[in-house]
Each structure stands twice: as structure tokens, then as C-alpha cells.
Amino acid sequence: MFARSAIRTLAAPSSRLFSSSSARHTKVAVLGAGGGIGQPLSLLLKTDPLVTSLSLYDIRGAPGVAADVSHIDTASEVNGYAADHLDDALQGVEVVVIPAGVPRKPGMTRDDLFNTNASIVRDLAAAVARVAPTACILVISNPVNSTVPIVAATLEKAGVFNPKRVFGVTTLDVTPPVTVVGGHSGATIVPLLSSSNGKSVSGEAYEKLVHRIQFGGDEVVKAKDGAGSATLSMAYAGAKGVTTPTFVKSPLFADQGIDFFSSNVELGPEGVEKIHPLGELSAQETKLLEACLPELKKNIEKGKAFVA
Ligand code: NAI
């Protein structure tokens, strides 16, 4: 998963290689650790040799998850924090992963979650700004197209925003070997099949594949019939090395007023090292991008306006 690859990169500042002998200590906090994503994500982080300390926070259930996960026989220490101990959970943390908030029910769009999740994410980001202002923040809570601008604006307000260190987790949209750019919901998800060995797909098969990638998350929400979203695949999502599509503050479409965008991003010890351009697009992809941009712009502006 992206979180894991980011942590690995950050934990090995002198080399890009994954190495369990790194002397560096990496303290990671999961905010929303008691949830459908938070629990398996905490389990996976506990098995990562480069995570030396794990802080699990939730408004309910985190100490229990911490006690459970602590029985996994790896070297890292785990601490669970209940509702009024958010600041304690964030002490000395270098990577913060945020899956806190409500997930979709069948028939809901990610934007339908805005009213609930915007304030949850804003309040968590304000605490990170106060206690761990230099931490990398990985936002899973939806709608990612808006929650990432909310985190950025909250950090900006506190005077600690570093665009290299705030990421929206879009890894779930990536269906190897397809690069996926844009945002993280419906039409804002733009798969680049022409540069991903997808050249042979055309006509109805192309339309179907694009739809499957744009609405893959809905399939899981529907199949779970109200009992959860894509929690297990989200928590796993597969480590892919240090270049991965992620939703970050990006110059690619800034001239059109869209200053957050997901494209392939090279990660390094400081966070974002290089934002890759989209490369050549087919006529179909240009059309998908045209549909993405206005919707994405609205989602971003909604997030910014919420904090302003
Ligand atoms: P869930 O309801 O199972 O878990 C959410 C957890 O957040 C709960 O344990 C809840 O107590 C906790 N929480 C609520 N308010 C909190 C607060 N103020 N501080 C700390 N914790 C708080 O939901 P699930 O399925 O784990 O999804 C979490 C979020 O991730 C949702 O917004 C969902 O839409 C999103 N998601 C994102 C994906 C992505 O690809 N970026 C994929 C799937 C889901």
C-alpha cells in the first residue's frame, strides 16, 4: 500500500532500498484505527520492520485494537489512545495515516460523506499541525478530492503546510499496470490505458474497463450491502515501490485553478520528490480528463471553502 511504501522511503533516508537494518526509528500514527480500514492497516503496519512505534487512535476501540495487534511478534511497540488522548497519540510521530470518518452506504457518492468527514479531518489535521507539524500525512478519509485540500488549508492556517508532505491515498484505484490520474471519485478518476499496455482495448470493452476502474469502490460498497466499504483491499492495496499515483498539491493543472491532482509521484525522504506529468494522452483519455477537471475543481474548492 502507498502508506507502506511512503514509510519505507522515509525510513531509509540514505538509500532507496528497503532495509530492515535501518537504524532510523519511524513512529506512525493511525487516526481511526478502530475502523474497517484502521484495524487491518494497523495489523499490516505492525508487521512492517521499518515501523518502530505505532500509535493507534480512535474515538472508540483503539486501546483494544492496540492490545490485539501487540500480540503480533514483531519488534515495534504499539500504544492505543482513547478519545481524549489525541495529542498524546501524536507525540513524536513522523507519519500520520487518517482513515477516520464514515464510509459510504450503497447508493452514496463519496461527496455525500463531506458533511460528516470534513470536520473530522479538519480537527485531526489541526491536532497534527499543533503536535507533529512536520509529519507526513496520508489521507484515506473520503471524499479525498476535498479532504486533502481541507488538511492542506488547515495546516496552512497554522503556518505549517509543506506540500511535499500531504498525500491523498488513491492507490485503490490503480489496477496494475494501469496508471490512474486525476482525483478519487467517479468521473475524476482517469485511467491512462494507452500508456499502460491497454492499447488493444477499444470500443465497448474500453468503456467497460474505464467504468470498472472509476466505480470499483462502489462494487464493494454494494456487495457489503451497508456493512462497510473496501476496507481490506484498501488496507492492503499492495506496496509498489517509490513511484505511485497519489493526490497531492500539484502544478500540473494549477493554471486552470486546480491545484491538487493525482499523477505518478516519486517519493523520497522528504516526501514528494518529483511530480510526473501525464505524458501523451489518447483522444479518449483527453475526453475523460475534460470530464474530470471541472468536477475535481468543484471538490477542491468545496474543501478549501470549508476551512476558510
Ligand atoms: P469505519 O466506519 O469502519 O471506520 C471509521 C473509524 O473512524 C471508526 O472506528 C470511527 O470510530 C473512527 N472515527 C470517527 N470519527 C473519528 C474522530 N473524530 N477521530 C478518530 N476516529 C474517528 O469506516 P472505514 O470503512 O474504515 O472507512 C474510513 C474512511 O475511509 C471513509 O471515509 C471511507 O469512505 C474511506 N475510504 C477511502 C478509500 C480510499 O481509497 N481512499 C477506500 C475505502 C474507504
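Predicted model: local features only at pLDDT ≥ 70, side-chain atom pairs only at ≥ 80, totals over all residues.
**View 1. Around the ligand.** The ligand sits among 33 surrounding residues, and the closest are Gly35, Gly36, Ile37, Ala100 and Asn142. Two elements give two or more residues to this shell: helix H5 (114–131) and helix H9 (231–236). H5 has the largest share, with 3 residues. Sort the shell by class and you get 16 nonpolar, 14 polar and 3 charged residues.

**View 2. The buried face of helix H2.** Helix H2 covers residues 38–46, and its buried residues are Gly38, Gln39, Leu41, Ser42, Leu45 and Lys46. Look down the axis of H2 and these buried residues fall within an arc of 165 degrees, so they line one face of the helix.

View 3. Going from asparagine 142 to proline 143, the peptide bond is cis, with omega near -5 degrees. Most peptide bonds are trans. You'll find proline 143 in the loop between strand S5 (136–139) and helix H6 (144–157). Asn142 also turns up in View 1, as one of the closest residues to the ligand.

**View 4. Positive phi at aspartate 225.** Here's a residue other than glycine with a positive phi: aspartate 225, near 50 degrees. Most residues other than glycine have a negative phi. Aspartate 225 belongs to the loop that runs between helix H8 (216–224) and H9. Is aspartate 225 buried or exposed? It counts as exposed, because it has 9 C-beta neighbours inside 10 Å and the cut-off for exposed is 12 or fewer.

Technical notes:
Residues numbered from 1 in each chain as written. Near = placed C-beta within 6 Å. Helix = DSSP H or I, 4+ residues; strand = E, 2+ residues; numbered from the N terminus. Nonpolar A, V, L, I, M, F, W, Y, C, P; charged D, E, K, R; others polar. Buried ≥ 20, exposed ≤ 12 C-beta atoms within 10 Å, placed from the backbone. Arc of directions from axis to C-beta.
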